[in-house]
Amino acid sequence: MSAPIAAGSLRPTRTDTATLRVGSMGPVEVTLQDRDRTRPFLLLHGGGGPATMTGFADLLAERTHSRVLLPTHPGFCGTPRNSALTSVSDLAKVYVAMLETLDLSDVTVIGNSFGGWVAAEIALQGSPRVSGGVIINGIGIEVDAAPTTDVSGLTPSEVLAHSFHDPRKAPMTSSTGGKRPGPDIPALIGYTGPTMSDPTLAKRLRDTHVPFHVLWGESDRIVTPDYGRAYAAAIPMSTFTLLPRTGHMPQVETPEELLGTLLDLGNK
C-alpha cells in the first residue's frame with residue numbers, strides 16, 4: 001500500500017500534457033504543472049439520510065473552500081440499491097471505486113452514525129487515496145459495557161430525546177411535510193443486518209493505517225461517550241474528543257463547534 005499523504009498537505013506536483021483545440025488553430029499541446037492545495041472531503045450520512053449532512057456540507061465547503069462530496073447511500077431516500085450490496089463493506093468498496101473514478105487523492109472521509117461505520121470500512125480497504133478519517137458518533141462495533149440503543153422500538157419523540165441535547169434543534173424538511181425526519185430503518189438494515197453492528201469490526205480496526213479523529217456528542221443516548229471511547233481505542237492512530245452540549249448528530253445540532261474542532265485537530 002502506498003504511504004498516505006498527510007491530511008491538508010500540499011500534494012506532489014503533477015505534470016500532465018493536455019491536447020487542446022482552440023478555434024481554427026488546430027491542436028495545441030500544453031504541459032501543465034498542477035499544485036493543488038484543495039482538500040477533498042467525502043461526507044457520509046447516517047440513518048437519517050443526506051438531509052442530516054447537507055447543511056454541514058455547505059458550511060465545510062464555504063469555510064474551507066474544499067471539494068465536498070456528499071453521496072446518498074444507495075437505498076436511502078427511495079434511491080435504488082443493487083441487490084449485490086448486502087453489507088457495509090460492500091458499500092465501502094463502492095465509495096473507494098468512486099474515488100478512483102474521480103481520480104482524487106488526500107481524501108478525508110467524515111461519517112456520522114452509520115456513516116462513521118462506512119468511513120471505518122473505507123479505511124480498511126487500504127486505498128492510498130484516503131489520507132484520514134473522522135468518525136462522528138459512529139456505530140458498528142459491539143461494546144458490552146455500553147450497548148447501542150435499539151431505536152426501532154422508540155417513538156419519534158423518544159428518538160429525538162435520545163439523539164439531541166436540545167430536541168428543538170432537530171431539522172424539519174419539506175420532503176417530510178415539515179416534519180422532523182426519522183431514521184430509515186429498512187435501508188439501514190439492508191446493510192447492517194438487524195443488530196446494526198458487526199462483532200468482527202473492533203478487531204479488524206487494528207489494521208487501520210490512516211489517522212482518525214473520533215468525535216462524540218456528550219449527550220448522545222443512542223451510542224454513549226463510553227461507546228465512543230471504545231471506538232477510538234480500537235483504532236491504532238486515533239484521537240478522541242468529547243463535544244459538549246450536543247448529541248448524536250453534532251453536524252446538525254452544533255455545526256459551528258464541530259467545524260471548529262475539525263479544523264483545530266487538522267492543524268495539530
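**View 1. The largest nonpolar core of this predicted model.** Of its 46 residues, Phe114, Ile122, Tyr227 and Tyr231 touch the most other members. A nonpolar core here is a set of buried Ala, Val, Leu, Ile, Met, Phe, Trp, Tyr and Cys residues joined through side-chain atoms within 4.5 Å; buried is under 20% relative accessible area, exposed over 50%, partly exposed in between (1.4 Å probe, protein chains only).

**View 2. Who touches Tyr231?** Leaving out residues up to four places away in sequence, its contacts (heavy atoms within 4.5 Å) include Trp117, Ile135, Leu201 and Trp216.

**View 3. The Arg63–Glu256 salt bridge.** The closest N and O atoms are 2.8 Å apart; a salt bridge means a side-chain nitrogen of Lys or Arg within 4 Å of a carboxyl oxygen of Asp or Glu. Arg63 belongs to helix α1 and Glu256 to helix α9, so the pair ties together parts 193 residues apart in sequence. Helices are DSSP runs (H or I, at least four residues), numbered from the N terminus.

**View 4. The Asp103–Arg129 salt bridge.** Here the closest N and O atoms are 3.2 Å apart. Asp103 is partly exposed at 38% relative accessibility, while Arg129 is buried at 16%.

**Notes.** Residues are numbered from 1 along each chain as its sequence is written, and side-chain values use heavy atoms, leaving out hydrogens and water. As this is a predicted model, local features need pLDDT of at least 70 and side-chain atom pairs count only at pLDDT 80 or more, whereas totals for chains, interfaces and linings use all residues.

Note on methods
Helices (H or I, at least four residues) and strands (E, at least two) are DSSP runs, numbered from the N terminus.
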